[in-house]
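Subject: Structure handover

Hello,

Here is the structure I promised you. Please open it first, then read my notes below.

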Amino acid sequence: MKVVVDLNRCQGYAQCVYAAPRHFVLQGREALIYDPSPDEAARAEIERAVHACPVRAITADPDAAGEAK
């Protein structure tokens, strides 16, 4: 799974942090740190984070696993 956050679009609402706290962390007021390659076990949490983002800054591609070899 590949997760991408458009940091230009992200407004720091931190809804992703509440939806998937093991994969998204807000440092300070605006710096979002996230796991770009979570394992498949995190799919439900990541999907909750994608849908929770009010500005739709998060995308997740479930088929990107093992792409870069």
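A salt bridge is a side-chain nitrogen of Lys or Arg within 4 Å of a carboxyl oxygen of Asp or Glu. Keep that in mind for what follows. Note also that this is a predicted model.

Why look for such pairs? Side chains of opposite charge can pair when their charged atoms come close. How many salt bridges does a search of the whole structure find? The search finds three.

Start with the network. Glu40, Arg43 and Glu47 are linked by salt bridges. Arg43 meets Glu40 through their side chains, at 2.5 Å from N to O. Arg43 also forms a salt bridge with Glu47. There the closest N and O atoms are 3.8 Å apart.

Where do Glu47 and Arg43 sit relative to each other? Both are in helix 2, four residues apart. They are therefore separated by about one helical turn.

Now check how open these residues are. Arg43 has 28% relative accessibility, so it counts as partly exposed. Glu40 is partly exposed too, with a relative accessible area of 38%. Glu47 is at 38% relative accessibility and also counts as partly exposed.

Next, the remaining pair. Arg22 forms a salt bridge with Glu45. Their closest N and O atoms are 2.4 Å apart. This pair links distant parts of the chain, 23 residues apart. Arg22 is in the loop between helix 1 and strand 2. Glu45 is in helix 2, which covers residues 43–52.

Are the two partners buried or exposed? Arg22 counts as exposed, because its relative accessibility is 63%. Glu45 is buried, because its relative accessible area is 12%.

Last, look at His23. His23 lies in the loop between helix 1 (15–19) and strand 2 (24–27). At 9% relative accessibility, this residue counts as buried. What is His23 in contact with, leaving aside its neighbours within four places in sequence? The list is Ile33, Tyr34, Asp35, Pro38, Ala42, Glu45 and Ile46.

Best wishes

Terms used. Residues numbered from 1 in each chain as written. Predicted model: local features only at pLDDT ≥ 70, side-chain atom pairs only at ≥ 80, totals over all residues. Heavy atoms only, no water. Helix = DSSP H or I, 4+ residues; strand = E, 2+ residues; numbered from the N terminus. Buried < 20%, exposed > 50% of the residue type's maximum accessible area, 1.4 Å probe, protein only. Contact = heavy atoms within 4.5 Å.
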